[in-house]
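The sequence and structure are shown first.

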Amino acid sequence: MSQLEIKDLHISIGDKPIVRGLNLTIQQGKVHAIMGPNGTGKSTLAKAIAGHPDYTITEGDVRLDGKSVLAMQPDERARSGLFLAFQYPSEIPGVSIANSLRAAVQARLAEGEELDATAYYKKLYAKMDLLKIDRKFTSRAVNDGFSGGEKKRCEILQMAMLEPKIALMDETDSGLDIDALRIVADGVNAQRSGPSAPGIMLITHYQRLLDYIVPDYVHVLWDGRIVKSGDKSLALELEAKGYDWLKQELAPATA
Amino acid sequence: MSVASSTYLVGSFTPEAFEQSLARCAHLPAWWLDRKRAAYARFAAAPMPQRTNEGWRFSNLSTLTLDGFNLPAPVRFDQLAHRELGVTGAGHLVFANNRLVAAQPLDASTAGAGIIFDTLQNALLQHGDLVKSHLLAQPSKLGSDKFAALHEAFLEDGAFIYVPKGVTATLPVGVFHYASGAGAAVFPHTLVIAGENAKITVADFFRSEKPAEAHFACGGNDLYAGHGASVTYLAMQDWSRATLSFQFNATVARRDARVLSLNLHAGARQARHESFSQLQAPGAHSEMLALTVAHGTQEFDQRTLQIHQAPNTSSNLLYKNALLDQAKTIFSGLIVVDADAQKTDAYQSNRNLMLSDEAEANSLPGLEIQANDVRCTHGATSSRIDREQEFYLESRGIRAAQAQELLVFGFFEEVLGKLEHQELHDRLTEIIREKFRNQ
Ligand SMILES: Nc1ncnc2c1ncn2[C@@H]1O[C@H](COP(=O)(O)OP(=O)(O)OP(=O)(O)O)[C@@H](O)[C@H]1O
Ligand SMILES: [Mg+2]
């Protein structure tokens with residue numbers, strides 16, 4: 001059983017500390033929702049774990065199956081089982097989805113091993129059908145000119161193809177209409193069953209997503225730390241009472 | 001002229017070497033031999049490019065040597081690691097060390113009636129007038145008079161393609177030029193003449209037989225598109241990384257003609273490419289495209305000239321360079337619009353993708369406009385690889401080198417996408433891919 005352990009993690013951008021001592025363990029098959037006000041460091045956490053060069057880890061560790069990923073390059077982290085679904089996916093003109101995904105799948109094969117193109121396309125089309133993505137999209141450039149919702153669906157498509165052990169999903173629900181939200185959630189839920197179900201860090205602002213992808217745990221990130229954890233009812237409580245409620249509740253502790 | 005200075009001016013290409021080469025052409029028409037003699041005299045008299053010469057600005061002149069080369073002995077076709085064009089039924093000519101070594105003639109029933117696809121030598125003997133009016137008929141205007149004269153003097157054989165009026169060649173033709181043996185000097189040439197409303201696609205390949213051998217390659221192509229004709233020309237320069245290469249292009253587009261030329265620059269240690277398009281009659285269009293992948297300490301020196309000589313003509317130049325390591329590129333382009341070439345629409349763009357801090361891209365775009373009702377745009381940009389794009393691909397598990405390669409292809413796609421033939425497109429991308437793989 002895979003797991004991601006985040007231990008006393010401190011992350012800075014330049015010399016500005018953003019994440020300040022965060023602990024979290026994500027087991028395979030479990031969904032951890034991360035909520036919290038804008039600018040509290042949710043994306044920073046996800047991108048730093050994926051190895052984005054802008055973020056410096058000043059303290060602590062991130063371990064996948066007991067092995068620290070911090071010395072690994074982003075591509076190595078991905079091949080060892082991490083996946084980041086971006087809040088703002090990059091547009092890459094001229095590079096088709098089919099080619100980039102193919103390169104990603106090929107990179108996971110042993111040296112000298114050739115990709116089985118027929119099997120690859122069969123799987124790709126099946127996943128696309130599941131996510132109701134038109135097959136014409138394979139020849140389109142990655143995220144180039146995609147609508148917000150199309151970008152998010154394309155992120156989930158890549159996750160479905162790459163079958164990570166741990167997926168970091170950063171506001172995958174933003175920009176999705178009601179139907180697309182359901183399709184994406186179904187796509188994620190389809191990956192949640194079975195022995196190779198990924199552990200998921202699901203960053204979101206909205207209960208709406210959590211109605212479809214029901215979390216096992218909910219954490220509130222505030223000022224670079226997890227200040228409260230609970231089950232799915234915590235999200236409902238936040239939805240009802242807002243972050244001010246939490247602020248008051250935490251006032252003595254954070255003073 | 002003293003012996004010392006003449007040796008300095010001709011290097012390995014001595015009068016004796018010229019006589020040797022000329023002797024191999026003794027059976028060809030006298031006018032051609034006279035032209036070759038005159039060309040040799042021009043070559044021998046012309047100075048090497050000087051620092052003060054604007055046409056050689058930014059070029060490394062100290063590495064432009066004429067020494068250490070030889071007129072190579074013949075090689076057999078089976079000594080070459082030749083790869084077919086990959087288009088079923090397409091004709092090809094294979095030259096190695098300036099001689100024809102293999103040919104797949106056109107199948108008259110499928111290729112299009114009356115198309116002539118033969119060697120230049122045969123064309124000189126059988127279609128002398130056609131050759132005379134088009135072979136190296138345009139002036140050298142971009143700085144390499146000396147090397148262009150050298151090319152003419154030593155040109156022994158090449159490809160001749162003539163498509164008669166109203167005929168569409170259904171398949172592309174491939175011309176392969178190989179150099180083999182240390183110091184081999186080769187002088188490839190491809191002459192394309194498309195008659196009224198004719199249509200053809202020609203692919204030229206330049207390759208060294210062994211990747212480590214140093215060659216001297218001094219080649220040219222003439223593309224002539226008659227009234228309403230359409231010529232697509234693709235050149236894939238993949239000489240060894242020790243080669244000194246020159247390529248001269250002259251394109252003539254007549255009324256409503258359309259020429260697309262795409263040059264891939266992958267090989268050579270130093271490669272100079274001069275491309276000269278003349279839009280001679282209303283409706284003429286020239287599409288000038290180039291892709292360069294510059295690795296190591298390679299230098300790619302590209303000089304272009306688009307001359308609009310008639311009203312309502314258009315030209316579109318897009319040269320894209322990807323630079324890695326300590327590589328260097330130079331782009332110098334000039335658009336000239338003659339006084340009566342009103343309604344000219346000319347575009348010129350040089351884009352450089354810098355994949356290394358140590359690489360150097362130089363751009364010298366230029367305009368010379370005498371007409372008053374024209375649309376001319378030109379520009380040059382240099383950009384780095386987008387770090388967010390790179391991270392995005394790497395976060396999918398793609399290794400850094402592969403991610404860069406994908407981004408280079410993404411950058412090139414704007415040009416690659418203009419090539420309609422799938423097989424040629426694939427061949428082109430494969431050469432680029434191979435280049436990345438062999439780094
Ligand atoms: N590359 C960067 N350079 C400078 N500051 C940054 C950078 N990335 C993030 N920050 C800052 O770090 C803080 C945390 O940003 P982050 O994107 O992690 O927040 P978030 O919790 O994901 O917010 P949101 O809910 O709006 O997505 C913010 O103050 C942000 O401005
Ligand atoms: Mg965020």
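Strand S3 (residues 31–35) of chain A pairs in the parallel sense with strand S11 (residues 217–222) of chain A, over four bridges. Within this pairing, Met35(A) stands opposite Val220(A) of S11(A). The coordinates discussed here come from a predicted model. S3(A) also pairs with strand S10 (residues 199–203) of chain A, again in the parallel sense and over four bridges. There, Ile200(A) in S10(A) is the bridge partner of Val31(A).

S3(A) is mostly covered, with five of its five residues buried. In a regular strand, side chains alternate between the two faces of the sheet. From S3(A), Val31(A), Ala33(A) and Met35(A) point one way, while His32(A) and Ile34(A) point the other way. The residues of both groups are buried.

Ser43(A) belongs to helix H1 (residues 42–50) of chain A, whereas Gln87(A) lies in the loop between strand S6 (82–85) and strand S7 (92–96) of chain A, so the pair ties together parts that are 44 residues apart in sequence.

Gln87(A) has a relative accessibility of 15%. Because buried means under 20% relative accessible area, Gln87(A) counts as buried.

## The interface of chains A and B

Contact between the two chains involves 19 residues of chain B and 32 residues of chain A. The area buried between chain B and chain A is about 2,000 Å², and carbon and sulfur atoms give 59% of this area. Of the area that chain B buries against chain A, 37% is supplied by Phe391(B), Tyr392(B) and Arg396(B), more than by any other three residues.

## Polar features of the interface

Between chain B and chain A, 14 residue pairs are in polar contact, counting pairs with both residues at pLDDT 80 or more. Two salt bridges are found across the interface of chain B and chain A. Asp54(A) forms a salt bridge with Arg387(B), in which the closest N and O atoms are 2.3 Å apart. On the side of chain B that touches chain A, the elements that give two or more residues are helix H8 (387–394) and helix H9 (400–416) of chain B.

Definitions and conventions:
Residues are numbered from 1 along each chain as its sequence is written. Chains are lettered from A and ligands numbered from 1 in the order in which they are written. This is a predicted model: local features need pLDDT of at least 70, side-chain atom pairs count only at pLDDT 80 or more; totals for chains, interfaces and linings use all residues. Side-chain values use heavy atoms; hydrogens and water are left out. Buried means under 20% relative accessible area, exposed over 50%, partly exposed in between (1.4 Å probe, protein chains only). Two strands pair if DSSP finds at least two bridges between them. Contact means heavy atoms within 4.5 Å. Buried area is the accessible area (1.4 Å probe) that two parts lose on being put together, summed over both. A salt bridge is a side-chain nitrogen of Lys or Arg within 4 Å of a carboxyl oxygen of Asp or Glu. A polar contact is a pair of N or O atoms within 3.5 Å; within protein, one must be able to donate a hydrogen and the other to accept it, and residues adjacent in sequence count only if both atoms are side-chain atoms.
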